[in-house]
Amino acid sequence: MILILSGADDLHADHVAEMLRCRSAPVVRFDPASFPSRAQISLAYSPSGRNEAVLYADGSRMDLAEVSAVWYRRPGAPVAHAEIRDSAARAYIELECSMVMQDLWSLLCDTWLPGRPLAVRRAEQKAFQLKTAASLGFELPPTVITNRPDELLELYRKHDGLVVSKQAATAFPSTVGFGMVRFTELVTTRDVAHAQTLSYCPMILQAYVPKRMELRITVVGRRVFAAEIHSQANNRTRHDWRRYHLARTPHLPHELPRDVERRCVGLVEALGLQYGAIDMIVTPDGRYVFVEINPNGQYLWIEYQTGLPISEAICDLLLDETRERAVA
């Protein structure tokens, strides 16, 4: 049985679940946000240490020993019962539920996509990504992660004002509000004039890397799918292709040099993952510059734009362990 952990509003999970069902694979989907208000768990141990882990959700009983592969897609965090009104009590219950749920996941099978939760959280850390990528021979942009205004001013002077800024963490949390995003932006003279405000919160500052094109490289196991994003074709996507203008931003399959492809697979493996979405820049003189890796990055628009069979590769990886059990 394949377990997909994700929220209800997830087109990627919908798409892959349907493909798995078309292959006659048993698929169960669960969002931890429904625990404990709409789901229950039971972990039992006998005197000999034999254990049983059971999940009760949507009116059904799931023996987690039958799970052969897990797609840790985009699960929500546990939410306390609405009857619990006290904010301190809610915070305690939700933390307790999160810890118990993480404990539960640690008992499951070895096949996890993109990886086990601890590995995913570590891989999301930007400084760790950069250090790991550099150790594998990737070229990096000159980078500073800091809340020291002097560091910003020094980098700005050193690179003649061609510096970009972006978030030091992964995304805005739900406490800030859904629908908010902070794109990569060029540091302006106005930003320099207000450099002291950097002391309030750290940011990533990088020397601007000239772009011939950008790449989205999706690694699934040892398979690599590289797509060109011609972000320089219009001003809207020039500094951050996440401003999506698909009608004017060509997306094409890209053949990576063998050494770059090997490094991409090596990076995903070094981070303890089986999946990763890597962003790179191809410079006008043909250099491949690493930007970042998202251990659970979106890919479906790349598949639709280029025809690269990424979902098929995900299904193949999730089914490998299932096939082995069937043969056994």
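Exposed means over 50% relative accessible area, and buried means under 20%. Keep both cut-offs at hand for this tour of a predicted model.

**Stop 1: C22.** Select C22. Is C22 buried or exposed? Its relative accessible area is 60%. That value is over the 50% cut-off, so C22 is exposed.

**Stop 2: C315.** Now select C315. Here the relative accessible area is 0%, and the residue is buried.

**Stop 3: the two sulfurs.** Show C22 and C315 together. A disulfide is a covalent bond between the sulfur atoms of two cysteines. The cut-off is 2.5 Å. C315 is likewise in no disulfide, with the sulfur of C22 as its nearest cysteine sulfur. How many disulfides does the model hold? The count is zero.

**Stop 4: strand β11.** Move to residues 203-207. This is strand β11. How many of its five residues are buried? Four are, so the strand is mostly covered.

**Stop 5: strand β9.** Next, select residues 163-167, which make up strand β9. β9 pairs with β11 over five bridges, again in the antiparallel sense. Which residue of β11 is the bridge partner of K166? Click I204 to see that partner.

Technical notes: Residues numbered from 1 in each chain as written. Predicted model: local features only at pLDDT ≥ 70, side-chain atom pairs only at ≥ 80, totals over all residues. Heavy atoms only, no water. Buried < 20%, exposed > 50% of the residue type's maximum accessible area, 1.4 Å probe, protein only. Helix = DSSP H or I, 4+ residues; strand = E, 2+ residues; numbered from the N terminus. Pairing = 2+ DSSP bridges.
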